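The following paragraphs guide a reader who meets this structure for the first time. They begin with the contacts between chains and then turn to the fold within one chain.

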Amino acid sequence: MIQRIRVSSSTGQQLQEITDRINAALRQANVSEGICHVYVPHTTAGIVVNENADPAVCVDMLAWLDKAVPQDDHYRHAEGNSPAHIKATLVGQWATLPVEGGKLVLGTWQGVYLAEFDGPRERTVIVNVVRSDG
Amino acid sequence: MIQRIRVSSSTGQQLQEITDRINAALRQANVSEGICHVYVPHTTAGIVVNENADPAVCVDMLAWLDKAVPQDDHYRHAEGNSPAHIKATLVGQWATLPVEGGKLVLGTWQGVYLAEFDGPRERTVIVNVVRSDG
Amino acid sequence: MIQRIRVSSSTGQQLQEITDRINAALRQANVSEGICHVYVPHTTAGIVVNENADPAVCVDMLAWLDKAVPQDDHYRHAEGNSPAHIKATLVGQWATLPVEGGKLVLGTWQGVYLAEFDGPRERTVIVNVVRSDG
């Protein structure tokens with residue numbers, strides 16, 4: 001069962017945690033064991049899995065991406081958001097996560113984030129689950 | 001049903017759209033809802049999902065990768081294609097994409113690309129589909 | 001059937017091949033055709049698929065990551081391992097690999113690696129398989 005989550009970003013670049021919303025979608029799917037697929041059908045946003053204990057980890061990640069992919073760098077794409085496209089490809093637009101006992105198997109410090117690189121916008125996250133429980 | 005697509009690159013570095021060929025493989029697979037797995041069994045090529053409207057987005061992405069991973073940089077790997085291996089790891093060698101109504105669920109501007117980093121070569125793309133439709 | 005592999009790294013940054021251990025887990029899973037999901041529930045480690053013929057490829061990859069994400073760069077995260085978090089996001093914390101005839105479909109030169117960025121530590125790798133063989 002494919003489910004869609006709507007997430008609104010409030011600024012240009014942002015990591016917004018969506019772990020709880022994915023677990024809520026998982027409860028609907030009723031799959032005990034399998035793989036959860038989280039996907040953004042966008043080209044200037046991505047999915048990141050990383051530490052959700054200290055928010056400074058997200059700050060550092062966005063700062064590194066900004067430095068590595070400068071806003072102004074003789075890009076050809078006239079729309080001006082080439083850096084957002086490149087960042088989306090670097091972090092990736094999907095995650096696959098293990099499901100056990102009907103829940104995401106995440107590490108103690110892992111959270112799942114929608115990575116906004118060209119906001120603010122309303123984004124869609126597609127959640128789907130395939131079962132491995134026979 | 002695992003299917004194999006052959007793609008020939010014509011130059012050293014190239015993003016070639018394969019969205020239509022993946023959708024054709026999907027029609028063969030006859031899965032209404034699930035996850036489509038696209039994979040390259042190569043170490044100097046990758047899979048990228050990004051904008052297919054303005055070709056300048058692909059140009060900018062390849063240019064950024066070339067700058068971030070310089071061709072000459074005291075690499076140890078004697079074959080000389082270490083940058084291609086690094087770029088393949090940065091973009092990734094696979095994609096997982098949602099399937100609904102027997103087709104890829106892509107955003108309006110999303111296309112799926114074979115990323116060649118050490119061409120020209122003939123490459124294999126492996127397409128497989130798992131169902132989530134019960 | 002979700003399986004867990006334990007891998008101990010012996011230094012701060014390291015790529016350790018785990019291909020054989022994943023194939024051993026696959027034999028337990030008894031899935032002829034499908035997708036194998038390899039996942040680390042950690043925020044400073046990742047999964048890399050790349051050449052396992054010349055070990056210099058791994059050396060070059062770790063050296064590039066070290067240069068691209070410097071150890072000291074005014075990070076906010078007080079624990080001091082922000083570079084490890086960023087590297088984990090760049091390479092990704094999971095891989096999805098095709099399974100055919102009960103085995104991983106890898107290219108001639110492909111190996112699967114646990115990427116340690118904040119070791120030495122004992123890490124867990126989660127292996128799960130979903131079937132596409134009907």
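How much area is buried between chain A and chain B, and what share of it do carbon and sulfur atoms give? In this predicted model, the area buried between chain A and chain B comes to about 2,500 Å². Carbon and sulfur atoms give 58% of that area. The contact joins 29 residues of chain A to 32 residues of chain B. On the side of chain A, Tyr39(A), Thr89(A) and Trp94(A) supply 22% of the area buried against chain B, more than any other three residues.

The rule finds 19 residue pairs in polar contact between chain A and chain B, both residues being at pLDDT 80 or more. The elements β3, α3, β5 and β8 of chain A each contribute at least two residues to the side that touches chain B. Of the elements of chain A, α3(A) gives the most to this side, with five residues. By residue type, the side of chain A that touches chain B divides into 15 nonpolar, ten polar and four charged residues. Two salt bridges are found across the interface of chain A and chain B. Lys67(B) forms a salt bridge with Asp73(A), and their closest N and O atoms are 2.9 Å apart.

The contact between chain A and chain C may be read next. Here chain A provides 32 residues and chain C provides 29 residues. The two chains bury about 2,500 Å² between them, with 58% of it on carbon and sulfur atoms. Within chain A, the residues that lose the most area to chain C are Asp60(A), Trp64(A) and Thr96(A), which together account for 24% of what that side buries.

Across the interface of chain A and chain C, the rule finds two salt bridges. The side chains of Lys67(A) and Asp73(C) meet in a salt bridge, at 2.9 Å from N to O. On chain A, the elements that give two or more residues to the side touching chain C are β3 (34–39), β4 (45–51), α2 (56–68), α3 (82–91), β5 (94–100) and β8 (122–131). The residues of this side comprise 19 nonpolar, six polar and seven charged.

Attention now passes to the fold of chain B. Five of its strands form an open sheet in the order β1-β8-β3-β5-β6, with antiparallel pairing. Because β1 (3–8) and β6 (103–104) of chain B stand at the edges, each with a single partner strand, one side of each is left without a neighbour in the sheet. The partner strands β1(B) and β8 (residues 122–131) of chain B pair in the antiparallel sense over six bridges. Arg6(B) stands opposite Thr124(B) in β8(B). Helix α1 (residues 19–29) of chain B lies across β1, β3 (34–39), β5 (94–100), β6 and β8 of the chain, and runs at about 160° to β1(B).

Strand β1(B) also leads back to the links between chains. Over all chains, a search of the whole structure finds 18 salt bridges. One of them joins Glu100(C) and Arg4(B), whose closest N and O atoms are 2.8 Å apart. This pair crosses between chains, from strand β5 (residues 94–100) of chain C to strand β1 of chain B.

How values were computed
Residues are numbered from 1 along each chain as its sequence is written. Chains are lettered from A and ligands numbered from 1 in the order in which they are written. This is a predicted model: local features need pLDDT of at least 70, side-chain atom pairs count only at pLDDT 80 or more; totals for chains, interfaces and linings use all residues. Side-chain values use heavy atoms; hydrogens and water are left out. Contact means heavy atoms within 4.5 Å. Buried area is the accessible area (1.4 Å probe) that two parts lose on being put together, summed over both. A salt bridge is a side-chain nitrogen of Lys or Arg within 4 Å of a carboxyl oxygen of Asp or Glu. Helices (H or I, at least four residues) and strands (E, at least two) are DSSP runs, numbered from the N terminus. Ala, Val, Leu, Ile, Met, Phe, Trp, Tyr, Cys and Pro count as nonpolar, Asp, Glu, Lys and Arg as charged, and the others, Gly among them, as polar. Two strands pair if DSSP finds at least two bridges between them. Axes are lines fitted to C-alpha atoms, for helices over the stretch in contact, and angles run from 0 to 180 degrees between N-to-C directions. A polar contact is a pair of N or O atoms within 3.5 Å; within protein, one must be able to donate a hydrogen and the other to accept it, and residues adjacent in sequence count only if both atoms are side-chain atoms.
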